[in-house]
Amino acid sequence: MMKQRWASIYKCTQLLWSVLLVLVIWNLPQSALADVNPQEINAIIRTRDIALQALNTRDFTKIQPYLHPNFTITTVDNQTFHKVPEFEKYWNQQFSSSIKDIKMQLKGDTIRTFLAPDIDVASGEAIASFSFKDGKAADMALRWTAVLQKLQDKWTIQSLHFSSNLLNNPVLNAAQQLGRILAVAAGVGGFLVGAVTMLLLRRRNKPRTERI
């Protein structure tokens, strides 16, 4: 009887602690969010808009004050940058091949979780619109995740990560199409060179008839 009572008490205690743990975990983001006023949300959105404008205009001078001292940017091709000049060089190199311009815009709602009143984890979707030098255009769907931290009354980007579907990549498709065109051109060129070479060899080896 006593063992059954202690077993029952033990089970009730476990259930109680489980419920308390769930409540604590459930209320953590809400408690942090409750401490964030609309002005802070607007400041976060302003930082996001400045970052988006920097990408679209290729002018990174305005975004520097809004980057965390130890910021990290991870691109869709799995490259990581910690300094603005390095990322700026990488971004400008995208326009040295077949790409003429890239415009990025957000899509849908932003999912936002405050780990603390001064730390915001945000994620969402975006569309990158590519314009190519041959006049063609294509869109690429992206997913992004950003961690923002408030430092000295300013919301700064601590980390930013982009990802995309490698099987639906307009840049990769354009490169593959260009590769196919070059392969066909090389094949046709090789055929023409071979045909001309054979014609010249036949003319050179053709026996000459002597006149009497």
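# Reading the terms in a predicted model

Author: The protein chain holds 4 helices and 6 strands, where a helix is a DSSP run of H or I with at least four residues, a strand is a run of E with at least two, and both are numbered from the N terminus. Their order from the N terminus is α-α-β-β-α-β-β-β-β-α. The model is predicted, so local features need pLDDT of at least 70 and side-chain atom pairs count only at pLDDT 80 or more, while totals for chains, interfaces and linings use all residues. Residues are numbered from 1 along each chain as its sequence is written, and side-chain values use heavy atoms, leaving out hydrogens and water.

Reader: Which residues does Asn56 contact, leaving aside neighbours within four places in sequence?

Author: They are Ile102, Lys103 and Met104. Contact means heavy atoms within 4.5 Å.

Reader: What makes a set of residues a nonpolar core?

Author: Its members are buried Ala, Val, Leu, Ile, Met, Phe, Trp, Tyr and Cys residues joined through side-chain atoms within 4.5 Å. The largest such core has 38 residues, of which Phe60, Ile63, Phe87 and Trp91 touch the most other members. At least two residues of this core come from each of H2 (38-57), E1 (67-74), H3 (84-93), E3 (99-116), E4 (119-132), E5 (137-151) and E6 (154-164). H2 gives the largest share, 7 residues.

Reader: Why are the buried residues of H3 said to line one face of the helix?

Author: In H3, Val84, Phe87, Tyr90 and Trp91 are buried. Seen down the axis of H3, these fall within an arc of 130°, so they line one face; the arc is that of the directions from the helix axis to the C-beta atoms. Pro85 and Lys89 are exposed on the other side of H3. The buried residues pack against H2, E1, strand E2 (80-81) and E3.

Reader: Why is the ring pair of Phe81 and Tyr90 given its class?

Author: Rings of Phe, Tyr and Trp (its six-membered ring) pair if their centres lie within 6.5 Å; planes under 30 degrees apart count as stacked, over 60 as edge-to-face and the rest as tilted. By this rule there are 8 aromatic pairs. Phe81 and Tyr90 have ring centres 5.0 Å apart and planes at 40°, so the pair is tilted. Phe114 and Trp155 are 6.3 Å apart centre to centre, with 75° between the planes, and this pair is edge-to-face.

Reader: Why is the pair of Phe114 and Trp155 said to tie together parts of the sequence?

Author: Phe114 lies in strand E3 and Trp155 in strand E6, so the pair joins parts that are 41 residues apart in sequence. Phe114 has a relative accessible area of 2% and is buried; Trp155, also at 2%, counts as buried.

Reader: How do you know that a charge sits over the ring of Phe95?

Author: The rule asks for NZ of Lys or CZ of Arg within 6 Å of the ring centre and within 35 degrees of the ring normal. The charged end of Arg58 sits over the ring of Phe95, 3.7 Å from its centre.

Methods: Buried < 20%, exposed > 50% of the residue type's maximum accessible area, 1.4 Å probe, protein only.
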